[in-house]
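Please look at the sequence and the structure below.

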Amino acid sequence: MEKRNMSNILKNKIFLYLTEFISGISVMAVELGASRLLAPYFSSSQIVWTIIIGTIMIAMAIGNIYGGRSADKKPDPDILYRRIMIAAIWTSLIPVLGKYVILLISGLVIFSINENFLVVAGFAACFIIFVFPLFLLGTVTPSLVKYTVEDLNDNGKTVGTLGACNTVGSIIGTFLPTFVTIPAVGTSVTFLIFAGMLLALSVVYFICVKRKLILTAIAVVIFIACCIFGRSDSFAFWETELLYEGESVYNYLQVKEEPGKVILSTNVLFGVQSVYDRSGNYTGMYYDYDLAALYMSDAKADSDTDVLILGNCCGTYATELLNINPDINVEGVEIDERISELAYEYFDMSQDVKVTTYDGRAYLNTVDEKYDVIMVDAYQDITIPFQMSSIEFFQLVKGHLKPGGVMVVNMNMRGNLADPDKKDADINLYLQDTIAEVFGYVYTVDVSGYTNRELFATDNADALSGLDRMINEKAADSDDLILLMERVRDNLVSYQGSGHIFTDDKAPVELYGMRVIDDLIRDEVDYYKEIYKNEGLQGLIDNF
């Protein structure tokens, strides 16, 4: 090795071990940051995680191979630390440009393919944004082995120490973003923090060896500019009047106000998770339809009615229940504590609603209470928790219902219910079949004007009679609630299962959900394609 390359900063190997440590931290931090950057646009499903992990592993593997060969051919530490500097600058640019790249890719993909939009767009975005810096960081370990191994008698010890430094760094890089930086300062600043660590490492090296000082100064200036322009935590950067935008441990959160309404979304591009109508009117959405569960149950909305909401979110359903009867006992379970805080802050949810911060299924495993109505509203776009879609879960729900109780499920993506004999059956077919395996009577109703399908399940043979009685007894009032219940009753469809069952062992919810997403996107895009064909680009702009 040339004398110039064995500078004082590297001779005791501590700096090399520190390099391995910070590289390990940064790789994991970028991976977790990638999931949070992509989630508001593509969801946080297992499919998206698979794309992220697979793409990053490919980048790291190629980096390992290239780094080893490069180090053998030209063992110059300057090359390694220049790569680290470039990786740092690239990473610091992600908060500045990443969101625009994702939307550009989404626009190109959505107009050019008809299937697997989520996979193609997610993979393309991940590849373009994250492969290059992680490829560069992948060259670190083989290069450091070259610089640290001087005597074959202790090469095992040296390589083991490098591996330990990388592993310890990876462990810290796993927990630190998830539990500290992302909840505290957001995804954008998290990228900047770890990019700054990589940059500091390379800056210290080049200052100590007194080389590449101009390049170092340029890199520092670029990083400072990224810190100025990349600090925004706004994923929906085109929205100018949001009441709240932020991140929790679990979700991207957006609260916005429309005339007379407040809306919570956990996805930038589509989806509404909670709505609060300031006038006290009904929302016109699936929450209204789900009120029918009260009258289908034996409780008939009496004051001793007990309702449990799994996936309470910001309490839209709870608020509507209490508007019917303030004496109804409503409990909610919501895994994201920050969402519950927003419920009280922006959605005027009653303090009487007891909300437990917990996973819905885990909560049922810890309590013995029974309920007249259990609402399952834990499905967000393609992010469907498999543990809350299996036959074991629905059996658990049934065990917590009182005699004559009703479970109502919001299936938020209404598919075409493909032919049960075909292999391309969609997510709703499997959910409905699984539930029909557990409950004696299952009814579905599609929500007018939305993609939601509501499912009511019970062992009460007189459930529909109870709904009929409520309508007939109050028909003279002709209020909005009666009209809503009439709409539900007139459109309810009895459902018989066809044997497609999700279990804890096998519930590929993402794959079946993706098929519905493809159908929904295809239908929406066809509309805009027709506009573009007839009116050109200006027509598209005018219709957005």
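This is a predicted model: local features need pLDDT of at least 70, side-chain atom pairs count only at pLDDT 80 or more; totals for chains, interfaces and linings use all residues.

Residues are numbered from 1 along each chain as its sequence is written, and side-chain values use heavy atoms, with hydrogens and water left out.

Start with the open sheet, whose four strands have the order β1-β2-β3-β4 and pair antiparallel. Strands (E, at least two residues) and helices (H or I, at least four) are DSSP runs, numbered from the N terminus; two strands pair if DSSP finds at least two bridges between them. At the edges lie β1 and β4 (274-277), each of which pairs on one side only. Direction ignored, neighbouring strands of this sheet are turned by 10° against each other on average.

β1 and β2 are joined by five bridges in the antiparallel sense, and Gly246 stands opposite Leu253 in β2. These two strands form a hairpin with four residues between them. Five antiparallel bridges also link β2 and β3, where Glu258 has Lys261 as its bridge partner in β3. The hairpin of β2 and β3 has two residues between the strands, and Gly260 takes a positive phi near 80° there. Between β3 (residues 261-265) and β4 there are four bridges, again antiparallel. Lys261 has Asp277 in β4 as a bridge partner.

Helix α12 (residues 337-346) packs on the sheet and touches β1, β2, β3 and β4. Contact means heavy atoms within 4.5 Å. The direction of α12 makes about 15° with that of β2; axes are lines fitted to C-alpha atoms, for helices over the stretch in contact, and angles run from 0 to 180 degrees between N-to-C directions.

Val249 is in the loop between β1 (242-247) and β2 (252-258).

Two other loop residues have a positive phi. Lys212, in the loop between α7 (155-209) and α8 (213-229), has phi near 55° although it is not glycine. Cys313, between β5 (306-310) and α11 (316-324), also has phi near 55°. Lys212 is partly exposed at 37% relative accessibility, whereas Cys313 is buried at 6%.

Definitions and conventions: Buried means under 20% relative accessible area, exposed over 50%, partly exposed in between (1.4 Å probe, protein chains only).
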